[in-house]
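Take a moment to look over the sequence and turn the model around on your screen. Then read on with it still in view.

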Amino acid sequence: MHDTASIQRPISGNYAFGIMMALLAFFAFSSMDAVSRILTQELSPAVFTVCTALIAFPLQLAYFRLVKEDIVWRPAVPHLTLTRAALSGFTALSAFTAFQLLPLAEAYVFIFASPLFVTALSVFV
C-alpha cells in the first residue's frame with residue numbers, strides 16, 4: 001500500500017498549463033511530421049536525417065550551457081552507447097523513409113505500434 005501523505009496533488013492552476021504544453025507538443029510533433037513529409041520528397045531520407053541531427057546538436061549544446069549541471073561525457077558501457085546511437089539513427093532514417101513512401105496514416109500506425117513490437121520481442125532477450 002502507498003502512504004497517502006507522501007502523494008502530492010498537483011496545484012489546480014497547473015492543469016491549464018499542462019494542457020497547453022501537451023497541445024503545444026502535439027502541434028510540434030505534427031508540424032515536424034508534415035515538414036518531413038514535404039522535405040523528403042525533395043531530399044533523400046538520409047540527408048534529411050543528417051540535417052535534423054546537425055540542427056539538434058547546437059540546440060542541445062546551448063541547453064547544456066544554460067543548465068549548469070555536471071555532465072558525464074564518458075558512458076559506463078561505451079559499446080552499448082554506440083549501439084544505441086546507431087539504432088537511433090536507423091530509427092530516424094526508417095521513420096523519414098516511411099514518411100516519404102507511405103501515406104501519413106499508415107506511417108503513424110507503424111511508428112506508434114513499434115513500442116508493442118519492442119515489448120513482444122523483449123521476451124527473447
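Here is a short tour of this predicted model, from the overall fold down to single residues.

## The overall picture

Let's begin with the chain as a whole. How many helices and how many strands does the chain have? The secondary structure comes to four helices and zero strands. Read from the N terminus on, the order of elements is α-α-α-α.

The chain has 125 residues, and 10% of them count as buried. Contacts across the sequence are worth a look too: among contacts in the chain with a separation of 6 or more, 69% are between residues 24 or more positions apart.

Helix 1 covers residues 13–42, and Ser30 lies in it. Is Ser30 buried, partly exposed or exposed? Its relative accessible area is 37%, so Ser30 is partly exposed. A polar atom of the Ser30 side chain sits 3.1 Å from the backbone oxygen of Phe27.

Ala34 is in helix 1 as well. With a relative accessible area of 34%, Ala34 also counts as partly exposed. Now find Leu104: it is 70 residues away from Ala34 along the chain, yet the two C-alpha atoms are separated by 8.6 Å.

Helix 2 runs through residues 45–67, which gives it 23 residues. From its first C-alpha to its last, helix 2 reaches 32 Å, close to the 33 Å expected at 1.5 Å a residue.

Which residues of helix 2 are buried? They are Pro45, Phe48 and Thr49. Here is a handy idea for reading such lists: an α-helix has 3.6 residues a turn, so residues three or four places apart point the same way.

Leaving aside residues up to four places away in sequence, Thr49 touches Gly89, Ala92, Leu93 and Phe96.

## Where helix 2 meets helix 3

Helix 2 and helix 3 pack at an angle of about 125 degrees, and their axes are 9 Å apart. That angle makes helix 2 oblique to helix 3. On the helix 2 side, the contact is made by Pro45, Ala46, Phe48, Thr49 and Thr52. On the helix 3 side, the residues are Gly89, Ala92, Leu93, Phe96, Thr97 and Gln100. The crossing of these two helices is right-handed.

Helix 3 itself has 24 residues and reaches 34 Å from its first C-alpha to its last, close to the 34 Å expected at 1.5 Å a residue. The buried residues of helix 3 are Ala95, Phe96, Ala98 and Phe99.

## Where helix 3 meets helix 4

Helix 3 (residues 78–101) also packs against helix 4 (residues 104–121). Their angle is about 155 degrees, with the axes 8 Å apart. Why is this pair called roughly antiparallel? Angles over 145 degrees count as roughly antiparallel, so helix 3 is roughly antiparallel to helix 4. This crossing is right-handed.

Which residues meet here? Ala95, Ala98 and Phe99 in helix 3 meet Leu104, Ala107 and Ile111 in helix 4.

Notes: Residues are numbered from 1 along each chain as its sequence is written. This is a predicted model: local features need pLDDT of at least 70, side-chain atom pairs count only at pLDDT 80 or more; totals for chains, interfaces and linings use all residues. Side-chain values use heavy atoms; hydrogens and water are left out. The expected span of a helix is 1.5 Å times one less than its number of residues. Buried means under 20% relative accessible area, exposed over 50%, partly exposed in between (1.4 Å probe, protein chains only). A polar contact is a pair of N or O atoms within 3.5 Å; within protein, one must be able to donate a hydrogen and the other to accept it, and residues adjacent in sequence count only if both atoms are side-chain atoms. Axes are lines fitted to C-alpha atoms, for helices over the stretch in contact, and angles run from 0 to 180 degrees between N-to-C directions. Angles under 35 degrees count as roughly parallel, over 145 as roughly antiparallel, 65 to 115 as roughly perpendicular and the rest as oblique. A crossing is left-handed if the near helix is turned anticlockwise from the far one by less than a right angle, and right-handed if clockwise. Contact means heavy atoms within 4.5 Å.
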